[in-house]
Amino acid sequence: MFQFLIKRLATIAPTLVFVSMLIFGLQQLLPGDPAVILAGEERDPNVVAYLHQKLHLDDPLPVRYAYWVGGVLRGDLGESVRTQQPVLDLVVQKLPVTIELAVLAMLIALVIGIPAGLVSAVARGTAWDHLANAFALWGLSTPNFWLGILMILLFSVQLGWLPASGYVSPFESLSQNLAAMAMPAFVLGNAIAAVLMRHTRSAMLQVLSADYVRTARSKGLTERSVVLKHALRNALTPIITLGALEFGTLLSGAVLTEQVFTIPGFGKLIVDSVFNRDYAVVQGVVLVTATAYIALNLLADLAYFASNPRLRP
Amino acid sequence: MSATLATAAFDAPRAETGPWRRAWRRLARRPSALFGLVVVVAFVVVALGAPWIAPFDPIETSWSAIRQAPSAVHWFGTDDIGRDVLSRVVFGTRASLLAGVVAVSISFALGVPIGLAAGFIGGVVDGFISRLTDAFLACPFLILAIALSAFLGPNLTNAMIAIGVSATPIFVRLTRAQVINVKVEDYIEAARALGNRPLRIAWRHVLPNVLPPLIVQATLAIAAAVIAEASLSFLGLGQQPPAPSWGSMLNTAKNYVDNAPWMAIWPGLAIFLLVLSFNLLGDGLRDVLDPRQR
């Protein structure tokens, strides 16, 4: 396990370096002098001069990159041009809201996706299988911001059951928090459920044709026991590993979902920063997202390694 | 006479069973894939014929026809400044299809040669390209596209570039994996033994054999790119007003969902139908061209 971890970390190091170069490089795409653009619409000459000095814009590119990476390693992601707050503080403030949304969405995806995939594989070729496949296609083809608008139309405008927008902290009122998060979490979970359904279906089909499942059946075990205890348990590992990789989809989806339901999370932060031309915040959000994705990938790999005895030496 | 018959007997099945012809025949037997193909073709026709199909000018406002419900004059109703929703949906097809095709062409043109180089050359080149690909893949697709279009400036061209660049790593990785499988085959060894130069082997022998899964991926990627363009336009980073785009129409529609729901229904339905069709076509092509992935 330790050796595996070291090997895996060795491949992560260069990836992280490239990620940092990529995100630093975004700034180079800005046309003209970055200091003038970063200074906002007022373009105060004092601010421009200050930014030139602060961002080391008069130094060569590799030197500027070294300064930037040095800052990042010390936890300094720069500061927001709008609010003058450190980017890291802004990200840390908004992160819990998005994490709650992501966790609820993932729970909904698991509750829908895995049973749907299971039924689809066990009842292959039947109406249930077709229904589950149709559900997956619907999930993969529906833009989540449209689904969000349709749900607002039905559950807020027509039925008046759920609030159309806004966010209430769970510490203020848990019931109001869950009422506000129900629709966004479903919208976000819907697409992931479709992916999980497809993964579950193919993993179950593979496992159900394995020798040990035939042995379990020939021992006279009930079909329920064969499917749930023998097949599903073995199929779950790859499903969970692949599910962890859906984190990126979850965050991308959160950007749009938060916009539709006006939830003050991570996604809304990046969109607002784009329109405020607050580029340091945009860079900070991308950097934190990418680092979290790499860390989650590593955890998924480790979980897969730990749960699969055949990979151990 | 007998020689002619023999040639005909050999030639006839060969013409009938060429790999592409065989693939088409198998595809034609799948109703869902055929449905996808027909709808995609229909959207292409709508995009090309938009000026003749749309009943009104898509950007012409009418203050006397604000937020009118669907009627015999305005089949899909009108929007917040009196523009005909049907005409805007029809013209919006152009932005969506263009974004889908151009963005995926960018990914394909960048990703396939890079993946081919990584898989075929191997060693340090492969290591470098693979780590770079990992770095791109670590940034969630839409977030990278948002960041790129934010820095490049919000318009449809930059959105297409941003989506294309963000989707490139998927093509790099897929091409590399396919090339690594193919390059150990006997026919590549034979081509090498015959003295072919590496570039020629890569172009003439490796590339044609890795194309089918890439075509499948490209079809599915167009579906993803259409959603991505709609998403960027929804956020205000794609097609800029007043030019019509399904995503920006939905952005406006969300503010009038309580009194003009038709503004949200039709553009969303158009995105759904186009993306569904590309997904159905892609799934069908995968079954036909790449049965291992089924």
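Okay, let's start where the chains meet: 36 residues of chain B are in contact with 36 residues of chain A, contact meaning that C-beta atoms, placed from the backbone, lie within 7 Å. Keep in mind that this is a predicted model, where local features need pLDDT of at least 70, side-chain atom pairs count only at pLDDT 80 or more, and totals for chains, interfaces and linings use all residues. Residues are numbered from 1 along each chain as its sequence is written, and chains are lettered from A, ligands numbered from 1, in the order in which they are written.

So who does the touching on chain B? The largest share of that side, nine residues, comes from α7(B). Helices here are DSSP runs of H or I, at least four residues, numbered from the N terminus. By class, that side of chain B has 29 nonpolar, three polar and four charged residues. Nonpolar is Ala, Val, Leu, Ile, Met, Phe, Trp, Tyr, Cys and Pro; charged is Asp, Glu, Lys and Arg; the others, Gly among them, are polar.

Now over to chain A and its helix α7, residues 144-158. α7(A) bends by about 25 degrees at A:Ile152, taken as the angle between axes fitted to the seven residues ending there and the seven starting there. Several of its residues are buried, including A:Phe145, A:Trp146 and A:Ile152; buried means 20 or more other C-beta atoms within 10 Å of a residue's own, with C-beta atoms placed from the backbone. What covers them? The cover includes α8 and α11 of chain A, together with α10, α11 and α12 of chain B. And just after α7(A), A:Gly160 takes a positive phi of about 65 degrees.

Conventions:
Helix = DSSP H or I, 4+ residues; strand = E, 2+ residues; numbered from the N terminus. Expected span 1.5 Å × (residues − 1). Buried ≥ 20, exposed ≤ 12 C-beta atoms within 10 Å, placed from the backbone. Contact = placed C-beta atoms within 7 Å.
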